[in-house]
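Here are a few exercises to work through with the model open beside you. Try each task before you read its solution.

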Amino acid sequence: MRLSAGVPLPTVAANTDTSKKYIQNHYFHYRADESTEILGKGRKIKPAEESLRWIGSN
């Protein structure tokens, strides 16, 4: 729950007196519903035409 809340992995490992590797092996599961927004951020790029309008203006 703390990892999902954004607490850094080293902090969680220190607080639970375990290794980062153990936490990664047992608690890191791919969750498509949580990753979709993060992975889609690169897709919000303006079309090139918007950035290049100045070329045709006089």
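Buried means under 20% relative accessible area, exposed means over 50%, and partly exposed lies in between (1.4 Å probe, protein chains only). This is a predicted model, in which local features need pLDDT of at least 70 and side-chain atom pairs count only at pLDDT 80 or more, while totals for chains, interfaces and linings use all residues. Residues are numbered from 1 along each chain as its sequence is written, and side-chain values use heavy atoms, with hydrogens and water left out.

**Exercise 1. Describe the chain as a whole: its elements, its burial and its confidence.**

Step 1. Start with the secondary structure: the chain has five helices and zero strands. Here helices (H or I, at least four residues) and strands (E, at least two) are DSSP runs, numbered from the N terminus. The order from the N terminus is α-α-α-α-α.

Step 2. Turn to burial. Of the 58 residues, 10% count as buried. The chain exposes about 5,600 Å², and carbon and sulfur atoms supply 55% of that area; accessible areas come from the Shrake-Rupley method with a 1.4 Å probe, and for residues only the protein chains shown count as cover.

Step 3. Check pLDDT, the predictor's confidence in each residue, from 0 to 100. The chain has a mean of 76, and 53% of its residues reach 70 or more. Among the elements, α1 has the highest mean pLDDT (92), and helix α4 (residues 48-51) has the lowest (65).

**Exercise 2. Work out how α1 and α2 pack, and which residues make the contact.**

Step 1. Two packed helices are described by the angle between their axes and the distance between the axes. Axes are lines fitted to C-alpha atoms, for helices over the stretch in contact, and angles run from 0 to 180 degrees between N-to-C directions.

Step 2. For helix α1 (residues 9-16) and helix α2 (residues 20-27), the angle is about 105° and the axes are 9 Å apart. That makes α1 roughly perpendicular to α2; the classes are roughly parallel under 35 degrees, roughly antiparallel over 145, roughly perpendicular from 65 to 115, and oblique for the rest.

Step 3. List the residues in contact (heavy atoms within 4.5 Å). From α1 come L9, P10, V12, A13 and T16, and from α2 come K20, I23 and Q24.

Step 4. Sort these residues: five are nonpolar, two polar and one charged. Ala, Val, Leu, Ile, Met, Phe, Trp, Tyr, Cys and Pro count as nonpolar, Asp, Glu, Lys and Arg as charged, and the others, Gly among them, as polar.

**Exercise 3. Look closely at K20 and Q24 in α2.**

Step 1. K20 is partly exposed, at 45% relative accessible area. Leaving out residues up to four places away in sequence, K20 touches L9, P10 and A13. K20 and L9 are 11 residues apart in sequence, and their C-alpha atoms are 6.6 Å apart.

Step 2. Q24 is also partly exposed, with a relative accessible area of 35%.

**Exercise 4. Characterise D17 and M1: is each buried or exposed?**

Step 1. D17 sits in the loop between α1 and α2. Its relative accessibility is 71%, so D17 counts as exposed. D17 has a positive phi of about 55° although it is not a glycine.

Step 2. M1 belongs to the segment before α1 and is exposed, at 86% relative accessible area. M1 and Y27 are 26 residues apart along the chain, and their C-alpha atoms are separated by 9.7 Å.
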